[in-house]
Amino acid sequence: MSDSLVEDIRVRADILEIVGEHVQLRRSGKSYRGPCPLHGGDGPNFAVDPQRQIFKCFVCGEGGDVFGFLMKHLGFEFPDAVRHVGARVGIEVPERDEHREDPYAPLRGVLAFAAEWYRDRLREPSGEGARNYLRGRGLSEEEALDFGIGYADDEWRALRTAATRHGIEERTLLELGLLATSEKAEEPYDRFRGRLMFTIHDLRDRPIGFGGRILDARSDAPKYINSPESPVFHKGEELYALNRARHAIRREDHAAIAEGFTDVIALHRAGLEFAVAGLGTSFTAAQARRLVRYSQRAYLLYDSDSAGLRATFRTGDILLAAGVHPMVVSLPSGEDPDSLIRKEGPAAIRHLMDDAVDLLERKLQILHREGYLDRVEGRRRAVDGLLSTLRAVADPALRDIYVDRAVEGLGIRRETLVHEIVRSGGPGATRRPPARTARTPDDHPRVESRIEREFLLLLVRDPALARRALRVGLSSDHLRDPPAREIFEIFSRAVDEGEDTVDWSSASPAARERRAELQAVDEEIRDPGQVFEAAARRLLYRGHRERLEEINRELQLADTEQQRRLLSEKQELAQELRAAGEAATFMPRPGQGRPGSAGRQGAASAGFTG
């Protein structure tokens, strides 16, 4: 949709009328006041200015135009908000142009066939066991079908036979992981057999993969298996039920992360529609980056046993590194969200979420409970146990709060803890630039600016390059200039939601100006794809080189033991850069690489790492 169309709808809309349907407003001077629906306030702190066509809450700070209100309050995407308002003022907004052909359309068609076939099997006599299992969990057949649940017959080639009758080629089924092969079998066979099937959707509600739970408790097969990687399914990037949860996450301004499919479904049925889950593997940085586009707060609802705690703390650190603030929900021993809701009802989960504690606070609670803070050796291990979280946090203000709280909880000097954090390196060192005061005008800031400009110039010329940047692990955090970060985030959002066109309507004036400047550049760049990848790698590994400079400074003041550790870390960083084909200085050189981590030092206490 064009900017002029959006502006025409905005001008014709009556924000007072639309907001007034959701908030009880009373006139107060030139504006109208009422309780804020965004943070649930009671006082008249929410103001609507009908002349300027804007709203503002003076408590939570939220504000914007009529589209922004619908997005924040109802969880609409921007195009949906525009269409909603357009319908109110009598302006029809055309659907997105679908001229570009989807190269994976045939694969998506096969996945849609498989999803429908599994759902049909759930209704058949052979699916009686699966239906009984669902009823035992309080889930009706209608609800199961609504969530895309089906059943895979306990037969070796049932799906293969059905697909062949519909003209689907065997090689396509193999490419999507619906069939598997074995040296013991003469022909390919169904990967999913005798399993309850959970359909995994993308943000456009299209099936992209499956998760299968074995129903025979006596079977020695894995309890859960997921579809393998395919051209349309990347397990480390997807979140189960995000297609259903994203609007609620935006509306509530927080997500809930559970461990499994049934937990997520139980939470949604209980009215907690902001719940998502990973896909059978450890939570990844890519999943965290996807989540942060909808909220910067998440509740972790993992099991409370030792394995669940390790997963909680590992996921929490990954979320902190992506800019998401994790809160830990302590479930009763032996319970998961699904079992607890069935036993005690939805209110039990809501009470536990109200009592959730910050990730660092939860670690300190466990350290205190286990007696680590009662003896010298334990305190030393406690420091190591907190380092991963203190290094991970991306928000500078939160990092400072965490350091103060850790100093208070551990009973050590702040200078000592800060030195430990700096010395241990890790993810925080790769993101956080060292102080610039010691740099000369001819030092690398000038090269940084050139690299970011080159990166953005090529991205603006060819938005499809954003997918390549995201694949190697680049995020907006790797860019230092605020307009540059915003521009890359806008491109990333378009890739994430499968949009062919990029929506600039919500961009800031600074980002719009920077984009216009780049569009006006007419310089020729040879081999733009190669240049773009080199620039992306330079940005990705910039933190490694900055950490090397920091180590060189610390070596001048370190004692013998500190020097040994710093030199070991320096060697690891240099090896990672060499393996990636990257230079260890800020002079630009061509290379090819992959993401790496700098000098990770494990934590030993209370199972905080694993």
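Residues are numbered from 1 along each chain as its sequence is written, and side-chain values use heavy atoms, with hydrogens and water left out. As the model is predicted, local features need pLDDT of at least 70 and side-chain atom pairs count only at pLDDT 80 or more, while totals for chains, interfaces and linings use all residues.

The protein chain has 27 helices and 16 strands (DSSP runs numbered from the N terminus, H or I of at least four residues for helices and E of at least two for strands). Of its 610 residues, 50% are buried (under 20% relative accessible area, with exposed meaning over 50% and partly exposed in between; 1.4 Å probe, protein chains only). Among contacts (heavy atoms within 4.5 Å) between residues at least 6 apart in sequence, 66% join residues at least 24 apart.

Leaving aside neighbours within four places in sequence, Ile-249 is in contact with Leu-242, His-254, Ala-255, Phe-274, Val-276, Leu-291, Tyr-294 and Ser-295.

An open sheet is built from five strands in the order β1-β2-β3-β4-β5, with antiparallel pairing (two strands pair if DSSP finds at least two bridges between them). Its edge strands, each pairing on one side only, are β1 (26-28) and β5 (63-64). Strands β3 (residues 46-49) and β4 (residues 54-57) are joined by four bridges, and Phe-46 stands opposite Cys-57 in β4.

Five cavities of 30 Å³ or more are found in the whole structure. On a 1 Å grid over the protein atoms alone, a cavity is a set of points where a 1.4 Å probe fits but cannot get out, whereas a pocket is an open set with protein on both sides within 12 Å along at least five of seven lines; lining residues have an atom within 4 Å of a point. Grid points are joined across faces, edges and corners, and a volume is the space filled by probe spheres set on the points. The largest cavity contains about 90 Å³ of space. Its lining includes Ile-149, Phe-198, Ile-265 and Asp-338, and α11 gives the most to this lining, with four residues. The second largest pocket has a volume of about 1200 Å³. Of its 37 lining residues, Arg-108, Arg-467, Val-495, Asp-496 and Gly-498 lie nearest its centre. Helices α12 (285-292), α22 (465-471) and α23 (482-496) each give two or more residues to the lining of this pocket.

Finally, Glu-420 sits in helix α19, residues 414-424. Glu-420 counts as buried because its relative accessibility is 8%. Not counting residues up to four places away in sequence, Glu-420 touches Arg-380, Val-383 and Leu-387. Arg-391 is 29 residues from Glu-420 in sequence and 9.8 Å from it in space, C-alpha to C-alpha.
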